[in-house]
Amino acid sequence: MILWWIGDVVLLVVVLPVVVYLLRGVLEAARSIVPSVQSIATVAAAGSRDLDAAALLVTTQDQATRTIAGVANYGGSLDLILDDAS
Amino acid sequence: MALPLAMSAAGVVMILAVVLIVAALVFYLVSVIVALRKITAGLDQVIAGVGEIVQKSAPVNGIVTAINQQLDAGVDALEGLLVKKAGIVDAVGLVDGLYAGAASAGFRTFPDSATVKPPRIAEVYTRGTLTLARLGREAPIAAANPAGAVLRNVEGGSLAARLLYPEIRQSRPPQLPRSPVIGTDAPVQYEQREDIGLPRKRLPARASAAAAESAAGASRDD
């Protein structure tokens, strides 16, 4: 009988607080992740919006090609007009 | 009879303790499940955003590489043309004049250009300085080393600028010759020659030489 009561006391005084402590730690850790994940989601969405202008790089490439072609033509003309240094 | 009652009391306490433990487990585990579901929903949003980023940035590498290749070709062509037309020394000096310190890097297609000492061929003067130079008013071009102290003092700017000119201008003599006044209303009219508009007293040199030559030819014929 005494052992029975001792078991009850251990269960209530030791096991229950330990279980509650451990589960509370897990819950707090899980809840602390939520705002971080939401912040990451917001940043990812903002980064995606920032890359909307990446499609304009095709236009930039075309403009760069035309500019270099114009510079090459201009340089070719200068090569014919100007005398060489030596 | 007392023993069964005592055992049942201990059993009731045991059952109560187990119920409490199970209740704690249920409460906290359900709370953890709710939190994990929120995390899952947030991660779904993250994955969607990252997927868009990956999709939008996929062509960037190729396009930027192509643009860089074209710009490299343009730079190489312009550097080659500049060196061909101006020479390596003047080309380095010109580039260094436009972009101070760029001569130390040199041209990419001319590795030896990094060792060339850039000449000072691209000094930039103000419009007023160049105007004075064209007018011959002794503009202080190259009067001082650009690497030296600042020529213009902001507190005594007029004096600092005057000090750049010769001494006769600084001391301000009271009877400094006045600048000539020109125009139709000027007190002194230049070109006051009286023979303007009259017949020439002497023939021009070319006509007199021709006349002398013809006279010499006539004397030889005689």
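**Figure 1. Helix α1 of chain A in the predicted model contains a kink centred on L11(A)**. The kink in α1(A) amounts to about 35°, where the bend at a residue is the angle between axes fitted to the seven residues ending there and the seven starting there. Helix α1 of chain A covers residues 2–50, 49 residues in total. From its first C-alpha to its last it reaches 72 Å, close to the 72 Å expected at 1.5 Å a residue; the expected span is 1.5 Å times one less than the number of residues. Chain A has two helices and zero strands, helices being DSSP runs of H or I with at least four residues and strands runs of E with at least two, numbered from the N terminus. Of the 86 residues in chain A, 3% are buried, that is, have 20 or more other C-beta atoms, placed from the backbone, within 10 Å of their own.

Residues are numbered from 1 along each chain as its sequence is written, and chains are lettered from A and ligands numbered from 1 in the order in which they are written. In this predicted model, local features need pLDDT of at least 70 and side-chain atom pairs count only at pLDDT 80 or more, whereas totals for chains, interfaces and linings use all residues.

**Figure 2. Helix α2 of chain B bends at G87(B)**. The bend is about 115°. The end C-alpha atoms of α2(B) span only 32 Å, whereas a straight helix of 39 residues would span 57 Å at 1.5 Å a residue. Buried residues in α2(B) include G93(B) and D96(B). Chain B has six helices and zero strands, and 6% of its 222 residues count as buried.

**Figure 3. The largest nonpolar core has seven residues**. Its members are L82(B), V83(B), A91(B), V92(B), V95(B), A103(B) and F107(B). Such a core is a set of buried Ala, Val, Leu, Ile, Met, Phe, Trp, Tyr and Cys residues joined through C-beta atoms within 7 Å. Beyond its neighbours within four places in sequence, V95(B) is in contact with A102(B) and A103(B); contact requires C-beta atoms, placed from the backbone, within 7 Å.

**Figure 4. The contact between the chains takes 43 residues from chain B and 45 residues from chain A**. On the side of chain B that touches chain A, the elements giving two or more residues are α1 (2–57) and α2 (60–98) of chain B. The most come from α1(B), with 28 residues.

Conventions
Two residues are in contact if their C-beta atoms, placed from the backbone, lie within 7 Å. A residue is buried if 20 or more other C-beta atoms lie within 10 Å of its own, exposed if 12 or fewer, and partly exposed in between; C-beta atoms are placed from the backbone.
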